[in-house]
Structures are given as structure tokens and as C-alpha cells.
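Please keep the sequence and the coordinates in view while reading.

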Amino acid sequence: MSAVTRNQVFSAVHTVGGLLPADMLLRISEGKGVPGDRPADYKVIGSRTVRDDAERHWEYLKSVWKELREKLPVAPEAETPADPTGLAISQWLVPLFAELGFGELSAVGTAGLPSDDGSRTFAISHRWQHVPMHLVAWNIDLDKHRRGHIPPQSLVQEFLNRSEAHLWGVITNGRRLRLLRDSSALATASYVEFNLEAIFDGELFSEFVLLYRLLHYTRFRTEDGEAPSACWLEKWRVEAIVSGVRALESHRDGVQRAITALGTGFLKHPTNERLRAELDVDKFHAALLRLAYRLIFLFVAEDRGALHTPEADQQARDRYEKYFSSVRLRRHALRRRGTSHTDLYQALKIVLDALGDVEGRPELGLPGLGGLFDDTSADAPLRDALISNAHLLEAVRHLARVKDEGTTRWRTIDYRNMGAEELGSIYESLLELIPKHSAVDRTFELVNRLGNDRKKTGSYYTPSSLIETLLDSTLDPVIDDAQKRGEIRASAAGEPDASDRIVTELLSLTVCDPACGSGHFLVAAARRIAKRVAAVREGNPEPTLDAVRHALHEVIAQCVYGVDLNPMAVELAKVSLWLEALEPGQPLGFLDAHIKHGNALIGATPALMENGIPNKAFKAVEGDDPKFAAFLAKQNDKERSGQSTLFPLGTETKATNAALASGLRAIIDAPSGTLAQVHDQEAAYQAWKSAPEYVQAQHLADAWCAAFMWHKTKDAPPAITHDVFLALRSGQAAALPQNTHDEIERLRDEYRFFHWHLAFPDIFAVPEHAGSDVDPATGWAGGFSCVLGNPPWDKVDFEDKKYFSMVEPSIAAIAGQARRKRIIEWVADNTDGGKKYWAARRRVKSMFLFASASGTNPLCGKGLTAKGVNSLQTDQLFAERFAMIVSASGRFGCIVQTSIATGAGAQYLFQDLARRGVDIQLVRDK
């Protein structure tokens, strides 16, 4: 029995896609903590329990199965005997459903069941009231194509998706039985499967009890006039969702405690003297998060059976399971407290190191995965550090189980079916927590900012229903258009089969989230595109799970792009995408060229740089000398009018990024089937970023942005005025003093300038000569096929309370003038702290200046001219950015506050969106 199987609640029952999670199945099996579980609800007469009633039917069904086995003996899957006379249906499935209370099922006949729109009929074999029940031959695989037939799973799933009157359904070949539900919003399969062969050959009565409780006719039955959603199955599903939300909140707290245990454990271990002596708490925090990400990834990969290479022999698998598996580690954590020894962590390190090694560990069946497991500078704080078994097991215990506050019972976390978006939401919530440590006590903890209740309210987690609604209106039309283009091109080429052309068009789509966080929207978008790719390849609207999984690997490598200001969020987005694309034996793909760290709102465009440095760049902000700023503005104005020339201008450098784009495409399109090839991509990408052409182009764009953030004081390095910028643009960088270059780079790193045409030159083409396809507002042609997301809902404003909640909570707790007075006293008493405080204030004020005056957000900037408007909303800035980076034929959608339609400051932006025919969906303010 594999480690994965042993970690599941049942051996012959498994749930796919989270239709009903394993914990809910256990509650149903035990008849505890779920509504509708009384004997009377199952029409049990007398004093018998539901289990007693199930046992009565069990004894009869065992004898029926035994007789069937004499005619249809056990055989390997590929050699399953045919059943030409239909014995499995007539002498096994008919009695089975009768014992479950359905009586005689109604045969549908050759007419089939129609979809709601009447465009198609489905060859479902039977029905019971509103429940389609598809019984197929004994040797028919539920997931595989047969000539002229789509898989039974796909047939029933598509019917449920296209019929409002049918919510739940059943398919079975007599050997396996599945419970399905309408899942039109899902891109992957979702069902509960019972292995009838294992249950009856192995006489697994407890698992039959679950089958009896879950598939009894009373679970589907509704009263006359009631909708299908009134059945007990649907009530259980809703209960599972509610309890899942509770568990998600509890899991967040568990992960927080796990990181606390890991941090404290490393600090307390006596051999970690270097760690304590050189401790940088922020870098230590980042390293701990990476370790937590790795543990979770390992749990998921193991529980999904996707960790080992397909070629791994059984001896290697057994060795891994017995001595090194995370299942073993989690089992120990739930049973033992642990000692001061470090053997468990050393065994774990062997696994983690192997997953980052090109060679892997063949003796354990482990491949080299790379990606998250690659050793980087971010891992330096924990390099060579040790942690005791006691602290490691404490951390794993917090990760392995949660306590459902609704039922007060502990539940093992179902990593096998936990979605990337759920994991992402948990870890995204941690990014707002503050790391604290005590050098004296050698402790570490993550604490919540004073006044920050986002973690408690769950506002990090964009509800799946809201994501799906946005994808329906934004991404689905883009996917449909791509399919139509493929069909048209195939027709023009005289090709009878358009599938290859359609797949090419689908894989050429580009979807971006400019504030991607943990990647919720990117994962959901990738699923939708991958489902369509798989559907086209199989000729099946509901493609098989393996086909979708393979397509996901391609889509994530080619189609999704994301940006975020928080480097740990960027790492987390990659983890979410890697989890989604996980295939046994395949390395984690190269994502650095598509998922990037930067400020999506602060960057230059070719059109703005063409016009040089505007005078507005020299408006004084907090920390500037107003008189010197005015002098710089006057000097810049003279330079712009040609009255002053500081440098003899040479030949102007062409702004085209064509060479950068072709170089990047070659890297992305390079082979990536092995970890060595992925590492080659990474090395080539670093070389691409270090090439003179890229470095010079980035430095020029950085200089343009830096002009707005420059310290306008006499003792600052010489500022980037118009002529200085022209000198840089004409290749005379050597004429500038070195401290000016250094300041450009410092400001670049502080503000994380992000230039879209340089970060993604394959998306935003800057030709040598502008054509009709070049947008005059940006200076580039192209853009993303689809832009979507849920950007931050903040003001571009400095908040003392928020700042001091991290630095000095006692000040954050004070209000009004008392706080201002205390801040002045604190700054006077804390020289270094005061400098950081004023720098933080200046940073926000400079960002406001850039957003309002640079021309990168002209509509939001114009909104400041409206009477009474003196602030900028971050979500509105992002909405304008979405519109800027989407292609002319693309679509964008974002979740924004209603103030975009009602606020005076957003009036010009809203008018423009309405003029362009944008489908605007407003969400009530958080």
C-alpha cells in the first residue's frame, strides 16, 4: 500500500476535485455532524440504525457479487473481460440500485436526454426522477475514448452542465461507480469514486457503509415541486463548503503557528551560532516562508501521487515511503512530541535537496524538480542550520491538521484535493504579518499589525464565485474568439481537422494579472484555457483529467503573466502555478520571464520617454528643498525649449525592442523537459538580462522614472533634467557623474520600477518606425489578450497608524494630535528610526507625484482637477493600467470599488471605459 493511500481516510473511495472532501465523507460515513443522518431520514423502520440497515443489504449484495465473479473473474485493467450479454448490468447493477432504494431504474432509450437549448441529446442509459444514471458495459473505461464515443465521465458531466433540471448524476461500469454534480464553472473533473471491486473483493464493509449512506435514494429525493438543489446531497455539499471555509481560517492560523515553531526551533538549536550572530529578521522570515512553501508542496505532490518519476522502481518507492516520506513525518507529528535530536530534519533535508538537484535521488525514486527547490540566496539564513525533532514535529503538526470550530473535531488536511487558490490564500494572508524575534529568549513569531483585521475577515481570498464571474465575461469570449480564428485558418488552408490550428491559437493567448498576489486569477485562467485545449484535442467538451493536466503544463509555461510588488507574493504565485501544472517526472517549469517582481504602476513607456522629462517631475514633495526644486523645474523648462544645452548630443539610440523580444522568445521556446534544460533556460535568461542592450534600455527607462523621485536638494547628486536624459538616450552615459548613475539604480531598487515593454518585449513591440498598429499613447503595439485581477483597494497616501503598527505599536494605538506629538518625540529620540520614517513618508508622496503628473495615468491624474478631489485610489490606477496593457482586440476585467462610477476623481476614467464599451461590473466597497 502506498504512502499516499495510507494517508487517505478510505482505501477504496477517493474524491477528485473537492466535490465532497475526505473529511465530509468521514462525517457522512460515521453519521456524525451532518444533517439528515437519522435512521428515519433513510426510511429505516424500527429500532435499527442506518449501519444495521446497510449490513442487511451488504450480506445480500456480497452473494450477488460472488456469483458475478464466477462469470467475470478478476483481471488486470487492460485485460478486463467483455460482457456481451450484459450480466454486470442485469445481475449486478440492477440489484445494487434496488438495494439502495431506487427500485427499478427507468431506461432512457435511444432518444437520449436533451440539453436545455435542444442543440444536443445525450445517450444516457437510465434515469431515476431527476437523476441521470449511466450504466455502461463492464469493460468500458469511464475516462477513455472509444471510436465514435466520448468517455462516459465526459458524457454525463457535459449533460449535467447543460441541463438545469439535473444537478447530480451517477455513472458506473459495475467495477467503479462515480457520483457527479453539475460543475460548469470548473475546469477540472470533480467526483467521488467508489472502487466496487476493491470493496466487494476485499469485503470492506466500512466503505460500503459510506456508499450506502451517500448513494441511498433518499439522498437524491426531493418533494414534488422542489428543485434538485433541495436534496440532502446538495445540503451536504453546502455544509462541506461552510466547514471548508472554517477550516481554511483555522489552517491559516496553523501555518502561522508552524512558521513560529520553525523560527523558534532554528533560533534555539545550540549549533546555530552563525544564524543567531548574523540574524536579519526579514531575510530569516523569507527563508522560513520558503521552507513552509516547500513542505506544503511536498505534501501535495506526495498525496497526489505525483512525486516519483514514472520509471521509479518499487524498491526505491518503498525505501522512500518507509524512511523519508512526508506521510511518515506527518504521522509521527500526530503521535509523538519529539526529542532534541535532529534526525528527522536531516532526513527531510535529503529529500528537499534531492528535489533541487539535477540528478534527483534515483535510489529514492525522486526526480530533480528545481523551481521552488533550487538553492538560492534567499535560503542562506537556514543553510547548514539544524532544528530539533520536537520543534519540527510541532510545525508539521500545525500543518497536518486543523480543528473545525463548528464541530470541535480535528480533521486531517486533505492536501490531495486542496486547490492552488486555497493554498495561495492561506499564505497570502501571512504576507501582512510582522516577524518579531527575541534575541534573549531565542524566539520568533509572526504577529498581526495593530488594526489590521484583513486576516481575520478573509479579505485576502477572492471568492471563487467572483473569480468565475469575472472569467465568464472577460476570458471566455477571448477563448471563443481564439477557437474561431483557428477554425477560419484551417478552413482557409483546406484542412478538414482544425484541432491543431485551434490549439495553436489557444496557446498563443496571453493573460496577465498586474497585481497577482498568490496567483488566484492566473490559476483560474490557466484552467479555463487548458480545459479548452484538452477539449479540442480530444473532441470532447468535458475532457479527461489527464488531458487537462497535460494542457495545464503547456498553458502555464506559455500563456500566463503576473506582476507583484511583494517578492514573497511573486514566489507564492509561482508555487501556485507549479502546483497546478504538476506532472509526475516533470520538472517545475521556467516562470521567471512571466511572473515578475515590480511595481506595475511605476514605469516608463516609449511615448513618454520620447517627450523627455516633463517640468512636473520637479514639483517639491516632502523632504525636498522647494526653492531648489523650483530652480530645477526652471532649468528643465529651458532645456526643453532648447535655450540651454548641457551636453553635445550624439546619435539618438533607437527605442526598438525587437532584438530583445526575439532573444526572449528563443529562451521561452527552448526545450524544458528536464531540470537541466530548465536550468539552461534560467542561465540564458540571466544572460539576456545582463546583455548591454537590455541594461542600457532599462537604465534609460529607470532614469526617466527616477527624475520624479529625485531628492531635489543641493547636496543630492545632479538631477535627471531633460538634457541629462537626452544625453543618456544618445549614448553619452559616460558624460554623467557616477553618483547620478548610482542614484538612478538606488531609486530603481527602492521603488521597483517596472517597464512593461522591457519586462515583456514579446508582448509589447516597439518597432523602429511607428506604424498604424502602434498606440500613440504608449509607443508600443500589441498587448495582452486578457488582463484581469483584484488589485489593492487603498489610497496613495501615507498612514502613520499603519506605519507604526509595525515599528512602534504604542504610537499606532494613539489618535489625533496626541499621536502627532508622540511621533515628533519618537523621531527626536530615534535617529535611525526617524530617518526611516521620513523616507517612508517621502516614498509615498513621490509615488503620488508620479501617478498624478508623469502621464502614465492621465485619466486618474486629470481626476485630481475636479473640485474637492485630492487623493488617488490604487484600484482606479490599476484599472487604467489594465486598459493600457491590453491589446486592441483583447478584454480586461478587474474588481474595483463602486467609487469608480460614483466618485468625482474617477469621472474621466469611467467615461473612457464607457466610451470603449468596457463591461463594467462593480463590487460593493470592502
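Strands, in the sense used here, are DSSP runs of E with at least two residues, numbered from the N terminus. The model under discussion is a predicted one. In it, strand β8 covers residues 176-181, and R181 belongs to this strand.

R181 has a relative accessible area of 13%. Since buried means under 20% relative accessible area, R181 therefore counts as buried. Leaving aside residues up to four places away in sequence, R181 is in contact with L19, Q157, L160, L167, W168, E234 and R237.

Two helix pairs may be considered next. Helix α24, residues 658-668, packs against helix α25, residues 675-690, at an angle of about 170°, and their axes lie 9 Å apart. Angles over 145 degrees count as roughly antiparallel, and α24 is therefore roughly antiparallel to α25. The two helices cross in a left-handed sense. On the α24 side, the contact is made by L660, G663, L664, I667 and I668, while α25 contributes Q681, A684, Y685 and W688. By residue class, this contact of α24 with α25 comprises seven nonpolar and two polar residues, with no charged ones.

The second pair consists of helix α26, residues 692-709, and helix α27, residues 722-729. They pack at an angle of about 170°, with a distance of 10 Å between their axes. By the cut-off of 145 degrees, α26 is likewise roughly antiparallel to α27. Residues H699, L700, A703 and W704 of α26 meet F725, L728 and R729 of α27 in this contact. The contact of α26 with α27 divides into five nonpolar residues, one polar residue and one charged residue.

The cysteines form the last topic. A disulfide is a covalent bond between the sulfur atoms of two cysteines. For assignment from coordinates, the two sulfur atoms must lie within 2.5 Å. How many disulfides does this rule give? The count is zero. C705 illustrates the result: the nearest cysteine sulfur belongs to C860 and is 17 Å away, and C705 is in no disulfide. C705 has a relative accessible area of 0% and is therefore buried, given that the limit is under 20%. C231 is also buried, with a relative accessible area of 1%.

How values were computed: Residues are numbered from 1 along each chain as its sequence is written. This is a predicted model: local features need pLDDT of at least 70, side-chain atom pairs count only at pLDDT 80 or more; totals for chains, interfaces and linings use all residues. Side-chain values use heavy atoms; hydrogens and water are left out. Buried means under 20% relative accessible area, exposed over 50%, partly exposed in between (1.4 Å probe, protein chains only). Axes are lines fitted to C-alpha atoms, for helices over the stretch in contact, and angles run from 0 to 180 degrees between N-to-C directions. Helices (H or I, at least four residues) and strands (E, at least two) are DSSP runs, numbered from the N terminus. Angles under 35 degrees count as roughly parallel, over 145 as roughly antiparallel, 65 to 115 as roughly perpendicular and the rest as oblique. A crossing is left-handed if the near helix is turned anticlockwise from the far one by less than a right angle, and right-handed if clockwise. Contact means heavy atoms within 4.5 Å. Ala, Val, Leu, Ile, Met, Phe, Trp, Tyr, Cys and Pro count as nonpolar, Asp, Glu, Lys and Arg as charged, and the others, Gly among them, as polar.
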